[in-house]
Amino acid sequence: MPIDQSLVGRSFPPTPSRAVTEEHVRAFAESVGGDYDGGPAPATYPIVLAFDAMNAFLEAEQVDLFRIVHGEQKFSYSRPVVPGDVLTATLTVASLRQIGGADIIGTASEITDADGTLVCTTRATLVHKGADA
């Protein structure tokens with residue numbers, strides 16, 4: 001069953017706050033084959049929050065994660081993420097089209113700090129394979 005077109009432009013509730021710690025940034029860096037000696041988090045660290053937002057979106061819309069292929073990811077920063085930040089992500093469905101039984105979903109997740117100031121925007125393309133795709 002295709003995903004409902006009326007989702008375009010809809011924003012989902014912000015994720016729970018996540019405190020950025022040096023320990024968590026170090027674990028993230030090591031998991032992607034890097035190292036961390038302090039300072040700003042790796043450039044791809046906001047994927048942690050974007051993934052939380054995506055999972056909340058999929059759960060709200062009852063879309064199975066195993067039917068999703070991650071097509072593209074982009075990050076646009078207002079400032080670096082640093083330990084001590086407390087961040088949340090709010091996902092908006094930016095676009096949706098159907099091709100060959102698959103839904104091509106464009107999302108934008110705004111990541112803000114505890115003051116509500118924009119830190120980073122991540123954009124993703126998700127390919128949802130329907131039961132007939």
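## A first look at the chain

Residues 24 or more positions apart supply 68% of the chain's contacts with a separation of 6 or more. The model is predicted.

**Overall layout.** The chain holds 2 helices and 5 strands. Read from the N terminus, the order is β-α-α-β-β-β-β. The C-alpha atoms occupy a box of roughly 45 × 30 × 20 Å along the principal axes. How does the radius of gyration compare with that of a compact globule? A compact globule of 133 residues would have a value near 14 Å, and the chain has 16 Å, which agrees.

Of the 133 residues, 36% are buried. The chain exposes about 7300 Å². Carbon and sulfur atoms supply 52% of that area. There are 9 positive and 17 negative side chains. The centres of these two sets lie 6 Å apart.

**Helix α2.** This helix covers residues 47–60, which is 14 residues. At 1.5 Å a residue, α2 should span 20 Å. Its end C-alpha atoms are 19 Å apart, so the span agrees with the expectation. Which residues of α2 are buried? They are Val48, Leu49, Ala50, Ala53, Met54, Phe57 and Leu58. Their cover includes the other helix, α1 (22–31). It also includes the strands β1 (18–19), β2 (68–77), β3 (86–99), β4 (102–112) and β5 (118–129). After α2 comes Gln62, with a positive phi near 55°.

**Two residues side by side.** Thr107 sits in strand β4, and Glu22 sits in helix α1. The table gives their accessibility.

| Residue | Relative accessible area | Class |
|---|---|---|
| Thr107 | 6% | buried |
| Glu22 | 40% | partly exposed |

Thr107 counts as buried because its relative accessible area, 6%, is under the 20% cut-off. Glu22, at 40%, falls between the 20% and 50% limits, so it is partly exposed.

Glu22 is in contact with Tyr36 and Pro83.

Glu22 and Leu96 stand 74 residues apart along the chain. Their C-alpha atoms are separated by 37 Å.

How values were computed:
Residues are numbered from 1 along each chain as its sequence is written. This is a predicted model: local features need pLDDT of at least 70, side-chain atom pairs count only at pLDDT 80 or more; totals for chains, interfaces and linings use all residues. Side-chain values use heavy atoms; hydrogens and water are left out. Helices (H or I, at least four residues) and strands (E, at least two) are DSSP runs, numbered from the N terminus. The radius of gyration is taken over C-alpha atoms; the globule rule is 2.2 Å times the number of residues to the power 0.38. Buried means under 20% relative accessible area, exposed over 50%, partly exposed in between (1.4 Å probe, protein chains only). Contact means heavy atoms within 4.5 Å. Accessible areas come from the Shrake-Rupley method with a 1.4 Å probe; for residues, only the protein chains shown count as cover. Lys and Arg count as positive and Asp and Glu as negative; His and the chain ends are not counted. The place of a charge is taken as NZ of Lys, CZ of Arg, CG of Asp or CD of Glu. The expected span of a helix is 1.5 Å times one less than its number of residues. Lists of a residue's contacts leave out its neighbours within four places in sequence.
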